[in-house]
Amino acid sequence: MAVETKPAGAVADHKEMLISGSEACAEALTLADLDVVTAYPIRPYDTVMQAIAKKIANGQLVAEYIVAEGEHSQFEIVKHASTVGARVFCGSSGVGWMYAMECLTVTPPLRVPMVCMVGNRALDDPGAFGVEHNDALVVRDLGWMLIWVDTAQEMLDTTLLAYRIAEDRRVFLPCAISADGAFLTHSQALCQVPSRALVDKFLPRYERGDLLLHPDNPITVAPQANEDWVIEIRRQNDEAMKRASTVIEEAYADFRKVMGRGPENPWFEEYMADDAEIILVGMGTISLPMKVGIRNMRAQGKKVGLVRPRWFRPFPTERIVKALSRASAIGVIDRDYSFGSPFNSGVVANEIRSAMYNADKRPPLMSFICGLGGREVTLEDVAKATDMCYAAAKAGKSDPKTHWLGVRE
Amino acid sequence: MAHFTCEVVYRGIFQKNLAARICRGIVLSARKAGRWGIAFGRYGDSPQRNGIPAKDFAIVADTQEELEQNMARYEPKEVDVTICVDDTLSKGVESWAWYGLQPINRLTISGGTLLMTSLQSPADLLKDIHKKDAPYSLALIRAKASFSGLWVYKEDHTEARILGALARIKPEFLSLDAVGQAIKEAEWGSDLKVASAQKAHERLESRPVKITEGNPEIPYSFEMPKWWEMREGVSIPAIPIGKPMEGGKGYVPERNPYFKKFTTRTMRPVIDFDKCVKCTLCWIQCPDSCFDVTPDGLYDANMEACCGCGVCEAVCPAKDCVTMVREDAFEDNASQWEMWRKDKGQYKTWMTDKIHSKEHITRSHGFRFRGQYEEEVKKELDSGGIEIIAGIPGENAESKK
Amino acid sequence: MPESTFTNATQILEPFKGVKKVTIEEYFTSGHRTCQGCESALVMKLMVKAAGPRTIVLGSTGCMYVANTTYYTTPWVVPWMHTQLGSSGSAALGTAAGLKALMKKGKMKSEPINVIAFCGDGGGADMGLGAISATLTHKEYNSLILLYDNESYANTDIQLSGSTPYGANTTFSPPGSVHRIIHTRWKKNTAGMLAAGHPECRYVATVDASYAVEMMNKVRKALTKGGPTFIHSLDPCPKGWDYDPMLSHELGELAVETGVFPLYEVEDGVVRHYGKSKAIVEGRPRKPVREYLLKQGRFAHFTEEDLGYFQSKVDEMWDKWEVPGVIPFWKERPGK
């Protein structure tokens, strides 16, 4: 349960609360005057739906709250609510997200700006509730915007930013905010919650414009198409995703101006990366043991840093290449897998490798897989990965093998 | 090194199995001479709809490499022989939206052949077939179009006749012997069919068509927009609401401008406005919303929109008010009500001529009862003409007898 | 929040008093790539003619999607949007909930807008049954789900569905030399099932476009009723059933006159047969099913045994069921 505490060093027009990532999301949705939300139980994301239910029951949020009979319907319902102009929210985890897959596929071409929370969870089988990133990653090719957060505060802020960006007419693409299961969804932290007045300055109303489905705007949406039309439609989506980068920069700048806080760099967090010899890369809450490990290693004289990508789609290619080119070696720790992919690496490692391909400076890249199914990423894992990166830096080339850390073998 | 490309243009569903047999037959016949071949339907035509024109292709080549040039494509750029198994398709084909009206001889190569089953004269056919800017031959098999459906097939030997005719047109690729062999070995084959193929081979009539001959009409077409010209969100404007016809009375719906559907029909309704009792049934039961409501409360079937299903004739309670007449009796899509309004006497003469021609009001297609096709075929197999006068169905049938 | 005038009211659509009083406007017009004689297209036309211009239609994948909005065009005059094969229930619910939320909160002008989601027998009674069921429990949202039943997955070139009649020829159930009948399942009783399973759903009806005015009046009643409603329409399909397209109207009538398809409505829990089905319940003899079946090529392979079996099942429906044609519960079984 959320507890209001007396702020020490609080931010103007903000209220400090002790809340989980899910509750922080619910706070943001209340401030955003959400219109329609659909719920279906699956762990660990559905704590957000429980939090929203409380908000509605206590009159803090006025929204249509529909419990669906399955994730496919859950997502389809809000997709349609969005087409008539309602601001919508949805979410799921693991195989629940998979059950909604048909809807996830169609929302980008339909240009439906739904904002979803994915409580990252391992995919069945076996049924396991711990964190893995494959669920959200599955939609990476389809036109979804994808972002990973690592604190409850970031969850709250990103929810507001996601609506601002997704509902911008230049974009109109769905956005999935990934929050690591358990660590974010279930742990409570101190958050600065902005006032409604501040949010109203930052977040305009959702206007669907010429795409609104309403008798005053008679259109046909998604007629059947054949090989004469599809590639043009895809090209439009390509353009929208490209425009999203500009909109993201604008939105964060505006956020900082209105809220008086917020990251300078929307795309990724850099931690002690300026002078780092080894830069580690990881998404989501893996950043926390990484940061602790980095501080320990710095104390030992090792210059290690972290780049934690936030936005995965659109992928900030030029900026990440610039940030990583400084290092003597890069270590990517994937909390996901991609069996049979090049070098049997995880998804993030393969994307970074691909981004670096044309760079003038291409430091050796080491690929690690760790923390699957909620296994904790330990300081030993981080140290081991760093040491292997140092070896690669010395040798001047990558070890093509992908290393699985923390496996009993 | 040579290859031979062939298309079959046909009425979707009604001639689906026929087209498949023809194309497979071509490939299997050519195989007898050691050639390679492929047979395929045009992907975009699927799912086929009753009457909507569709195409199948057969490609035969001396080598695998030549064959490959034509694989993994939706349709060849040109064909040596266009086989048209329903002569009402000579007016042109609109199989997809945005494709406009495409002449039946569009893909026929210069010097190629348009092979048709038809009882019309070449002169009459050339009133409908659009002019081509290259010469070609018009070859005719004297027979009515063969229509079946998805499940019950009419064994009237049309596929055998077509194969026999092809052997006469392209003997270097298909010998009559090879065709005979392939027919015999086919699941649907028989000695009788081999004989039909041979007869068709003998009786084929062919004549050259000059570039000056044909229908001079410019078929309508559309230009496809670029990706940045298209509305976003896979959205298009709805059709606007219709308007009264004249003086605030009557009603004319707006219609989809990119797909007109009139090339789907083999017959069209002819209305005797004097007999109309204004029951509204034709207007309300038409699945294609063809009927414009006139200011005097009559119903005028729009000939750009009508696809010839015949439901209007079936539901009309007034005797001889609506009569389905074969499409080859008409040369344009003119409004019948306008004709009638302008000169009732002249219209009556025109109309009477159409609806009293037994040949022209004979129903062209459709399964009605088990054993029907066998009855039809039994009648006049040899001369290639098949007569059936089926009863007019529908709840009002009794009142019309 | 601005003052809202929202009442969740529906439009008041009075029944048409006869075919000459029917709306003249077309809200589903010409230029769709459907088969000659497509009864489902007629259902679409009549459905929106009955509903009027202040309507939003959601169409799930199927013939009435692919054939209608073919290759990037449309015959729809009212706003229309595609939805997924199993999503008619979700589409109706989501659209209605979105409109309600916005109107309640004063973000959109309050007015009763018809929300109609349609589905075929495949998308509705098979894949999307769960979603439809869920929507029918949400009495706070007004919508109509219309299931057009051409008794197959027609758009994919005729495959059997849970609504395909016993023994019918489809590409998944071709009569072969060893097995004449592959499809031995009996048709699902969808409308009755939905009426029985959702006691708060205020209106469920079966319709047949051969009886056009009655069909339109059922649509109007459903839209006026309030809450989620469901209509099941039987659509003779000249392609899948294999018959002369001009017979569509006649076959629609024969389906009812033989008792194969019952016409009834369940309104606030009260079940009423209507049209020729009412006459049958009151004692009018049914035409033998063979009159209906043998006009269709999809049953051309039927033996006398098959026809007899089919007849016996239809007889059961009217002679033995507690609520004839609606609910398959018997008072007691003979013998045991």
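Domain bounds, as used here, come from an automatic or database domain assignment. The structure described is a predicted model, and on this basis chain A is divided into domain 1, covering residues 3-259, and domain 2, covering residues 269-404. Taken over C-alpha atoms, the centres of domain 1 of chain A and domain 2 of chain A are separated by 28 Å. The contact between these two domains draws 27 residues from domain 1 of chain A and 20 residues from domain 2 of chain A. On the side of domain 1 of chain A that touches domain 2 of chain A, the elements giving two or more residues are α6 (134-137), β7 (145-149), β8 (175-180) and α9 (230-259) of chain A. When the residues on this side of domain 1 of chain A are sorted by class, 16 are nonpolar, seven are polar and four are charged.

Chain A as a whole contains 13 helices and 17 strands. Its radius of gyration is 21 Å, which is close to the 22 Å that the globule rule gives for 409 residues, so chain A is as compact as a globular protein of that length. Along the principal axes, the C-alpha trace of chain A spans about 65 × 60 × 45 Å. Of the 409 residues of chain A, 56% count as buried. Among the contacts in chain A between residues at least 6 apart in sequence, 79% join residues at least 24 apart.

Chain A also meets chain B, in a contact that takes 18 residues from chain A and 13 residues from chain B. On the chain A side of this contact, α5 (101-110), β10 (219-221) and α9 of chain A each supply at least two residues. Of the elements of chain A, α9(A) gives the most to this side, with four residues. The classes represented on the side of chain A that touches chain B are ten nonpolar, three polar and five charged residues. Strand pairing also links the two chains: β10(A) and strand β8 (residues 235-237) of chain B pair in the antiparallel sense over three bridges. Within this arrangement, Ile219(A) stands opposite Pro237(B) in β8(B).

The secondary structure of chain B comprises 13 helices and twelve strands. A compact globule with 401 residues would have a radius of gyration near 21 Å, and the value of 22 Å for chain B agrees with this expectation. The C-alpha atoms of chain B fill a box of roughly 70 × 60 × 40 Å along the principal axes. Of the 401 residues of chain B, 52% count as buried. Among contacts in chain B with a separation of 6 or more, 76% are accounted for by residues 24 or more positions apart.

A residue is counted as buried if 20 or more other C-beta atoms lie within 10 Å of its own. The buried residues of α4(B) are Thr158(B), Glu159(B), Ala160(B), Arg161(B), Ile162(B), Leu163(B), Gly164(B), Ala165(B), Leu166(B), Ala167(B) and Ile169(B). These buried residues pack against helices and strands of chain B, namely α1 (16-32), β4 (79-84), β5 (108-117), β6 (136-141), α5 (176-185) and α6 (191-203).

Chain C has eleven helices and ten strands. The radius of gyration of chain C is 20 Å, close to the 20 Å that the globule rule gives for 336 residues, so chain C is as compact as a globular protein of that length. Along the principal axes, the C-alpha atoms of chain C fill a box of roughly 70 × 50 × 40 Å. Of the 336 residues of chain C, 63% count as buried. Among contacts in chain C between residues at least 6 apart in sequence, 71% join residues at least 24 apart.

Key. Residues numbered from 1 in each chain as written. Chains lettered and ligands numbered in written order. Predicted model: local features only at pLDDT ≥ 70, side-chain atom pairs only at ≥ 80, totals over all residues. Contact = placed C-beta atoms within 7 Å. Nonpolar A, V, L, I, M, F, W, Y, C, P; charged D, E, K, R; others polar. Pairing = 2+ DSSP bridges. Rg over C-alpha atoms; globule rule 2.2 N^0.38 Å. Buried ≥ 20, exposed ≤ 12 C-beta atoms within 10 Å, placed from the backbone.
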